[in-house]
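Notebook open, structure loaded. I'm jotting down what I look up as I go.

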Amino acid sequence: LPESISKLQQLKELDLGLNPLKELPQSIGKLENLEKLSVFQNKLTTLPKEIGNLSHLKELNLSNNLLEKLPSEIGNLGSLEKLNLMTNKVTELPQSIKGLTNLQNLNLSENLLNKLPSEIGTLKNLENLELTKNLLDKLPTELGELSKLKNLSLANNQIASLPESIG
């Protein structure tokens, strides 16, 4: 993907799914009007920190890639409502996720997560949290603060007990 993608200043939706992309250019952060970015089923191993400049982004689909971690700048995406990271190699979430205050749907299924940060409890608008097929052995008590949560998927983990805050 060329750096010149940044010239498409009015772009609201960008679908790059089903390609062999290994990285996104830093200039992706200049697409300030972007509301939906789909880069599913590529070969991404990292994200540029400039992704945090996409202040109008509402949907981000990064499923089926090779991502191991997210840049802390991901927490700057305050308008984000849907984040799909299913089927990657993510081992941990940055504490900056607390900035995703409008997030409603978070799919982290089929990753390598062995813990969730306590900041997950600050995502007050979260309705769907999918954590199936990870390496979680416990959950933070802050999960009980997600009062709008309607769907919590925890199948195929190593969880022996749930925190009292959620039952």
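**Core and fold**

I started with the largest nonpolar core: it has 43 residues, and Leu37 and Leu60 touch the most other members. Such a core is a set of buried Ala, Val, Leu, Ile, Met, Phe, Trp, Tyr and Cys residues joined through side-chain atoms within 4.5 Å.

Before going on, I noted that this is a predicted model, where local features need pLDDT of at least 70, side-chain atom pairs count only at pLDDT 80 or more, and totals for chains, interfaces and linings use all residues. Residues are numbered from 1 along each chain as its sequence is written, and side-chain values use heavy atoms, with hydrogens and water left out.

Next I looked up what Leu37 is in contact with (heavy atoms within 4.5 Å). Setting aside neighbours within four places in sequence, I found Leu14, Ile51, Leu54, Leu57, Glu59, Leu60 and Asn61.

For burial, I got 43% of the 167 residues in the protein chain as buried, meaning under 20% relative accessible area with a 1.4 Å probe, protein chains only.

I then checked secondary structure: the protein chain has seven strands and zero helices. Here strands (E, at least two residues) and helices (H or I, at least four) are DSSP runs, numbered from the N terminus.

On overall size, the C-alpha trace spans about 50 × 25 × 20 Å along its principal axes.

Technical notes: Buried < 20%, exposed > 50% of the residue type's maximum accessible area, 1.4 Å probe, protein only.
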